[in-house]
Amino acid sequence: MVQKFINAYCRLLGALMVLSLFAMVVMVFGNVVMRYGFNSGITLSEELSRWLFVWMTFLGAVVALNERGHLGTDSLIARLPVAGKKLCLGASLLLMLFICWLIFKGSLDQTKINWDSTSAVMETSMGYFYASGVAFAVLAAPILLLNLLRLLTGQMPDSELIGIRESDDMPHGDPHA
């Protein structure tokens, strides 16, 4: 049930990323056309595109975390026995939770510090910009906690003990065959 909730908010995040990317493309392309075609431009588009890109990056990191889509190397872990794989996965999940805490704390501090500062063009609180790290930590922590709980209770199959998955672009089988 928790995994269904996580999958649902990751689908929502995916939709938000699509909308953000669409808005960025429209704003940047529109600005280029206006600058070269009409010798004018929309100053808001550069700053808003930059903000959307930062938010989209953090939201995409949450989705990739849920899908185990981050880059990684498994050459050592794959050679370990099951107990070694479990130990390494547990240690990596604990380290990632610690990093989530650091990102949360640092981003929250930056949000508070910059709340009264406004951006140059949009004149919006810079706190919203730094809140992207808070959102990442709050959305990523349940995924990590669920995986840690599944590992500790023995609900995680051996096939998921390696924290990364094969790339869809990688050829399967013997490439020389």
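Is Arg68 buried or exposed? Arg68 is buried, with a relative accessible area of 16%. Here, buried means under 20% relative accessible area, exposed means over 50%, and partly exposed covers what lies in between (1.4 Å probe, protein chains only).

Before we go on, a word on what you are looking at. This is a predicted model, in which local features need pLDDT of at least 70 and side-chain atom pairs count only at pLDDT 80 or more, while totals for chains, interfaces and linings use all residues. Residues are numbered from 1 along each chain as its sequence is written, and side-chain values use heavy atoms, with hydrogens and water left out.

Arg68 sits in the loop between H2 and H3. Helices are DSSP runs (H or I, at least four residues), as are strands (E, at least two), and they are numbered from the N terminus. The phi angle of Arg68 is near 55°, a positive value in a residue other than glycine.

Side chains of opposite charge can pair when their charged atoms come close. A salt bridge is counted when a side-chain nitrogen of Lys or Arg is within 4 Å of a carboxyl oxygen of Asp or Glu. Searching the whole structure turns up four salt bridges. The table lists some of them.

| Salt bridge | N to O distance |
|---|---|
| Glu46 and Arg35 | 2.6 Å |
| Glu160 and Arg68 | 3.9 Å |
| Lys105 and Asp109 | 3.1 Å |

Let us begin with the pair that includes Arg68. The side chains of Glu160 and Arg68 meet in a salt bridge. Glu160 belongs to the segment after H4 and Arg68 to the loop between H2 and helix H3 (82-113), so this pair ties together parts that are 92 residues apart in sequence. Glu160 is partly exposed, at a relative accessible area of 25%.

In the Lys105 and Asp109 pair, the two residues are four apart in helix H3, a separation of about one helical turn. Lys105 is partly exposed at 38% relative accessible area, and Asp109 is partly exposed at 28%. Elsewhere, salt bridges that share partners join Arg68, Arg150 and Glu160 into one network.

The side chains of Glu46 and Arg35 also form a salt bridge. This pair links distant parts of the chain, with Glu46 in helix H2 and Arg35 in helix H1 (residues 2-38), 11 residues apart. Glu46 counts as partly exposed at 41% relative accessibility, and Arg35 counts as partly exposed at 41%.

## Where H2 meets H4

The axes of H2 and H4 come within 9 Å and cross at roughly 5°. That makes H2 roughly parallel to H4. Axes are lines fitted to C-alpha atoms, for helices over the stretch in contact, with angles running from 0 to 180 degrees between N-to-C directions. Angles under 35 degrees count as roughly parallel, over 145 as roughly antiparallel, 65 to 115 as roughly perpendicular and the rest as oblique.

Contact means heavy atoms within 4.5 Å. On the H2 side the contacting residues include Trp51, Val54, Trp55 and Phe58, and on the H4 side they include Phe129, Ser132, Gly133 and Phe136. The residues of the contact of H2 with H4 comprise 17 nonpolar, three polar and no charged. In this tally, Ala, Val, Leu, Ile, Met, Phe, Trp, Tyr, Cys and Pro are nonpolar, Asp, Glu, Lys and Arg are charged, and the others, Gly among them, are polar.

## Aromatic pairs

Six aromatic pairs are found in a search of the whole structure. One of them joins Phe58 and Phe136: the ring centres are 5.9 Å apart and the planes are at 50°, so the pair is tilted. Rings of Phe, Tyr and Trp (its six-membered ring) pair if their centres lie within 6.5 Å; planes under 30 degrees apart are stacked, over 60 edge-to-face and the rest tilted.

Phe58 lies in helix H2 (residues 43-67) and Phe136 in helix H4 (residues 127-152), so the pair ties together parts that are 78 residues apart in sequence. Phe58 is partly exposed at 27% relative accessible area, whereas Phe136 counts as buried at 12%. Trp51, Phe129 and Tyr130 form one aromatic cluster.

## Two further residues

Glu47 lies in helix H2 and is buried, with a relative accessible area of 6%. Not counting residues up to four places away in sequence, Glu47 touches Ser119, Ala120, Val121 and Met122.

Asn39 lies in the loop between H1 and H2. Its phi is near 55°, a positive value in a residue other than glycine, and Asn39 is exposed at 71% relative accessible area.
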